[in-house]
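Please look over the sequence and the model below, then read on.

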Amino acid sequence: MTAASTTATTVLQATQSDVLQEIQSNFLLNSSLWVNIALAGVVILLFVAMGRDIESPRAKLIWVATMLVPLVSISSYAGLASGLTVGFLQMPPGHALAGQEVLSPWGRYLTWTLSTPMILLALGLLADTDIASLFTAITMDIGMCVTGLAAALITSSHLLRWVFYGISCAFFVAVLYVLLVQWPADAEAAGTSEIFGTLKLLTVVLWLGYPILWALGSEGVALLGVGVTSWGYSGLDILAKYVFAFLLLRWVAANEGTVSGSGASIGSGGAAPADD
Ligand code: RET
C-alpha cells in the first residue's frame, strides 16, 4: 500500500466513525432509525405469516413486492444507523446553513429508489393495470428518487439544489397523475376499487409529506433540525410502508379470488398453464 492510499483510507475511516459518533450522540436521530429497524423486523415476520396460504401467481407477486418494502427498509435503516449511508456535507452560499457541515442521511433517497417501485408495483397489480402504465409509474418514481438524491448531495450551488428539487417534483407529478387518474379506472374494472381507493388516498397524502419535509428540513430551508426531520421521515415511513403494506396484504389474503381472477396482463400466470 502506498503512502497516499494509506492516508486516504485513514481519512475515510475517520470520517465514517465521526458520522457514527454524531448519530449516536443525537438521541432524536438515533431513535428515529432504531425504531424503524425494530418495526421492520416485526413486520417482516408478520407478513411471512400473513402470506403463507397465498397460492395464485398474481397474488403471490403482490405479496413478494409488498414483502420487499420492509426488507429494503431494514437494510436502509441499518445503513443509516451504522453511518455507512450518512455523510457530512458543506452547504453552499445562499443556503440557511451556508458553510456549515450538515449531517445528510443521503442513504434514504438511495433506498427509496428500491422501496417505492415495490409499493407502486403492488398497487399497479392490485389495480390490474397494463404494463405500459406500470412502467411509466415506476420509471417516473425512480426519476423522482434519483433527482431527489442529487438535490440533497449538491454542494456546489444552492440554486442547483432547488433545480433538482423541482425536477424531482415534476417526476412526482407524473406518478401522482398515474395514481389519481389512470389506475382508479383500471381498479374499477378489476373489482378492486374499494381497497385501491383507500390505499391510493393513503399513498398520495403521505407521499406529499416527503417533499414538504425535505423543503423544511436541514437540506432545504433548515427550519427543522436533523433529528426532527429524521423522525418526520421515519413517521411517514411507518405509515406509508408498514401500515400501507399491512392493509394491502390483509386484503389480498382475504380476497385472493378477486386478485387472481382479474386480467391476464401481468403476473397472472394466465399465459403459461404448463407452469403449474
Ligand atoms: C424528495 C425531494 C425532492 C422532491 C420530491 C421528493 C419526494 C419523495 C417521496 C418519497 C417517498 C418515499 C417513500 C418511501 C418508502 O419507502 C425526494 C423528498 C418530490 C415522495 C414512500
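## Asp128 and its loop

Asp128 has a relative accessible area of 16% and therefore counts as buried, the limit being under 20%. Asp128 sits in the loop between α4 and α5. The phi of Asp128 is near 55°, which is a positive value in a residue other than glycine. The model discussed here is a predicted one.

The side chain of Asp128 forms a salt bridge with that of Arg58, at 2.6 Å from N to O. This pair connects distant parts of the chain: Arg58 belongs to helix α3 (residues 57-81), Asp128 to the loop between α4 (107-127) and α5 (131-153), and 70 residues separate them. Arg58 is buried because its relative accessibility is 0%.

Thr129 is located in the loop between α4 and α5. With a relative accessibility of 1%, Thr129 is classed as buried. The side chain of Thr129 makes a polar contact of 3.4 Å with the side chain of Ser133.

## Overall make-up

The protein chain contains 9 helices and 2 strands. Read from the N terminus, the order of its elements is α-α-α-β-β-α-α-α-α-α-α. Of the 276 residues in the protein chain, 48% are buried.

## Salt bridges

How many salt bridges does the structure hold? There are 3 salt bridges in the structure. The pair of Arg58 and Asp128, described above, is one of them.

Another salt bridge joins Arg108 and Asp237, whose closest N and O atoms lie 3.8 Å apart. It ties together distant parts of the chain, with Arg108 in helix α4 and Asp237 in helix α8 (residues 226-254), 129 residues apart. Arg108 has 2% relative accessibility and so counts as buried. Asp237 is buried too, its relative accessible area being 2%.

Asp237 also meets Lys241 in a salt bridge, with 3.4 Å from N to O between the side chains. Why are Asp237 and Lys241 separated by about one helical turn? The reason is that they are 4 residues apart in helix α8. An α-helix has 3.6 residues a turn, so residues three or four places apart point the same way. Both Asp237 and Lys241 are buried. Arg108, Asp237 and Lys241 are thus named together as one network of salt bridges.

## Helix α6

Helix α6 covers residues 158-190. How does the span of α6 agree with its 33 residues? At 1.5 Å a residue, the helix should span 48 Å, and its end C-alpha atoms are 47 Å apart, so the two values agree. The helix has a kink of about 45° at Trp183, shortly before the proline Pro184.

At the N-terminal end, α6 is capped by Ser157, which has a side-chain oxygen 3.3 Å from the backbone nitrogen of Leu159. After α6 comes Gly191, with a positive phi near 80°.

Several residues of α6 are buried, among them Arg161, Tyr165, Phe172, Leu179 and Trp183.

Ile167 belongs to a nonpolar patch on the surface, together with Leu159, Leu160 and Val163. The patch has about 330 Å² of accessible area in total.

Ala137 is part of helix α5. Its relative accessible area is 1%, so Ala137 is buried. Ala137 and Tyr177 are 40 residues apart along the chain, and their C-alpha atoms are separated by 8.9 Å.

Ala222 lies in the loop between α7 (193-216) and α8. Although Ala222 is not a glycine, its phi is positive, at about 60°. With a relative accessible area of 23%, Ala222 is partly exposed.

Technical notes:
Residues are numbered from 1 along each chain as its sequence is written. Side-chain values use heavy atoms; hydrogens and water are left out. Patches are made of residues with over 30% relative accessible area and no salt bridge: like charges are joined within 9 Å, nonpolar side chains (Val, Leu, Ile, Met, Phe, Trp, Tyr) within 5 Å. Accessible areas come from the Shrake-Rupley method with a 1.4 Å probe; for residues, only the protein chains shown count as cover. A salt bridge is a side-chain nitrogen of Lys or Arg within 4 Å of a carboxyl oxygen of Asp or Glu. The expected span of a helix is 1.5 Å times one less than its number of residues. The bend at a residue is the angle between axes fitted to the seven residues ending there and the seven starting there. Buried means under 20% relative accessible area, exposed over 50%, partly exposed in between (1.4 Å probe, protein chains only). A polar contact is a pair of N or O atoms within 3.5 Å; within protein, one must be able to donate a hydrogen and the other to accept it, and residues adjacent in sequence count only if both atoms are side-chain atoms.
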